[in-house]
Amino acid sequence: MPQPDVANSLSPADFERFRDLVRASSGFELPEIRRADLARMLDVAAAEARVLGRDALYRFLADPARGAQALRKVVAGLTVGESYFFRDKAQIEAIEAKILPDLIERRSAQRRLRIWSAGCSTGEEPYTLAILLDRMSTRLAGWDVEILATDINPDAIEAARRGVYSAWSFRQTPDAVRDQYFRPAGNRFEILDRLRSRVKFADLNLGSDGPWDARTRGVDLILCRNVLIYLSRPVTERLAVRFSGSLHEGGWLIVGASEWSQAVFHQFVAENLPGTVVYRKPDEGESSAGMPLDARSLTRAHTSPPSPPAFESVSFLVAAPPAEPRMETAPAAGAHSAAEVRAILLAEPLAEGPARLERAWGAGADESFAEWAAAALIDRMNWPLALTWAERAVARGPVSAKAHFLHGLILRETGDPAGAAEDFRRCLFLDPSHVLGHVALATILAGSGQVKRARAARASVLRLLEGRPRDEPLDDADGLTVGRILDLLTAGGP
């Protein structure tokens, strides 16, 4: 039986007004491709509130006295709440090796330390911080230490307070660490009470103009990772100012790897640490200007070879620029065709290609140019440069599904499957119809033994391709057809 088109249950006019309501309440920027998701969440809200009709639901949600909590649940349902312990190894190592020692030295006179996990989801991040602090317990003996963890989703906060997790939350955690800091709870694991007591949870809407929790003032370290991707640029810029106001001088701010932006965080000093970039609030008299990001710091070092993809090589899943005659001059500002990018990379001498890309970027090229450059460099397996251009594509176009897809491919091929899976999920959040995003996520899930989830991703591909001609080419897939994807799924997919 054909499934109803949920998106069509929300008219264009209704989509606009409810999207504006979501944006005004949270800063959340909802692309049109998410219309079906918004419709589903509105249906849930209407059922829970026992409200009939879109007009009555709108009046209910727009009423701060009656519908504020329901509206927050709508917003929360539109975000990807996926989290796990010790997420982003490079950032965790930077916190443990550099940031916490620096803060301990800075705050030794006061013997007080405040950390804020802003957008904590179900609690894996703040409890990871609690574990890191426990490892430093001898240096922090007698200190007043507190971790504040906030999120817009009240259900996520409640789950975080319970502190009980499935094995999937420990996919990047050594068994010895899990066994030291958690106790078995059936087929799950519960955080030890002494760590749970170190974290204070609270509901908080980062996108609101209203006052924040008083505990967000005088903070030494803020983590706000993979939250800004959902927010509009003006809200993100306002948050950067508010985060700066929350931090002590010399305090640190960590955002997601795809959220770095010196244009947004210009009031901070960008610190290049191994495998990552973090921000620090300048000390008195210190300037934040002239602190360029070192592209080499974005290249992740890995000691083990990447796992082979379940379908085919990465180049088969990327739209490689077609063969075209070479260009003799750099493209004009804003140029972003595949042929132009490929012509630059084939410039004579070959070493001039990357430099010409840089000149074109400096002349005002847009995120599409960065996407084509990343795709072309992926096709040539130049992972460090490909990563640089994929990061630029994400920073310039944070709601581009393609940019996150390309970034995920690079992380997958350079040995970071967990990071790649996050990127593929963001890709699918922004464009649920992105066939190759589902294929790539299925590959990651199958490779990590998540068979049930891999099958669900595979089923999504089959639904998207159902009824389409086998010879129909897919968008941005270098000639890859519907039939070829179906053959791959049948022959070797999860």
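The following legends describe close-up views of a predicted model of one protein chain.

Residues are numbered from 1 along each chain as its sequence is written, and the side-chain values use heavy atoms, with hydrogens and water left out. Because the model is predicted, local features need pLDDT of at least 70 and side-chain atom pairs count only at pLDDT 80 or more, whereas totals for chains, interfaces and linings use all residues.

**View 1. Overview of the protein chain.** The secondary structure comprises 19 helices and 10 strands; helices (H or I, at least four residues) and strands (E, at least two) are DSSP runs numbered from the N terminus. Of the 494 residues, 54% count as buried; buried means under 20% relative accessible area, exposed over 50%, and partly exposed in between, for a 1.4 Å probe and protein chains only. Among contacts (heavy atoms within 4.5 Å) with a separation of 6 or more, 69% are between residues 24 or more positions apart. The accessible surface comes to about 21500 Å², with 53% belonging to carbon and sulfur atoms; such areas come from the Shrake-Rupley method with a 1.4 Å probe, and for residues only the protein chains shown count as cover.

View 2. The whole structure contains 17 aromatic pairs. Rings of Phe, Tyr and Trp (its six-membered ring) pair if their centres lie within 6.5 Å, and planes under 30 degrees apart count as stacked, over 60 as edge-to-face and the rest as tilted. Phe28 and Phe429 form an edge-to-face pair, at 6.1 Å centre to centre and with 80° between the planes. Phe28 belongs to the loop between helix 1 (12–26) and helix 2 (35–49), and Phe429 to helix 16 (residues 417–430), so the pair ties together parts that are 401 residues apart in sequence. Phe28 is buried at a relative accessible area of 1%, and Phe429 is buried at 8%. The rings of Phe405 and Phe424 have centres 5.9 Å apart and planes at 45°, so this pair is tilted. Phe405 in helix 15 (residues 401–413) and Phe424 in helix 16 are 19 residues apart, and their pair links distant parts of the chain. Phe405 is buried with a relative accessible area of 4%, and Phe424 is buried with 0%.

**View 3. An aromatic cluster and two charges over rings.** Ring pairs join Phe85, Tyr127, Tyr165, Phe170, Phe182, Phe189 and Phe201 into a cluster. Elsewhere in the view set, a charge sits over a ring if NZ of Lys or CZ of Arg is within 6 Å of the ring centre and within 35 degrees of the ring normal. The charged end of Arg17 lies over the ring of Tyr58, 4.9 Å from its centre. That of Lys402 lies over the ring of Trp372, 4.0 Å from its centre.

View 4. Three strands form an open sheet in the order 3-5-4 with antiparallel pairing; two strands pair if DSSP finds at least two bridges between them. Strand 3 (164–165) and strand 4 (182–185) are the edge strands, each pairing on one side only. Strand 3 is joined to strand 5 (residues 188–191) by 2 bridges, and Val164 stands opposite Glu190 in strand 5. Strand 4 is joined to strand 5 by 4 bridges, with Phe189 as the bridge partner of Pro184. Strand 4 and strand 5 form a hairpin with 2 residues between them, and Gly186 in the turn has a positive phi of about 70°.

View 5. Strand 9 (residues 269–273) is mostly covered, with 4 of its 5 residues buried. Antiparallel pairing with strand 10 (residues 276–280) extends over 5 bridges, and Val269 stands opposite Arg280 in strand 10. The two strands form a hairpin with 2 residues between them, where Gly275 in the turn has a positive phi of about 80°.

View 6. Helix 6 (residues 124–135) has 12 residues and spans 17 Å from its first C-alpha to its last, close to the 16 Å expected at 1.5 Å a residue; the expected span is 1.5 Å times one less than the number of residues. This helix is mostly covered, with 11 of its 12 residues buried, including Glu124, Tyr127 and Asp134. Glu158 is found in helix 7 (residues 154–162) and is partly exposed, with a relative accessible area of 39%. The C-alpha atoms of Glu158 and Ser121 are separated by 9.8 Å, and these residues are 37 residues apart along the chain.
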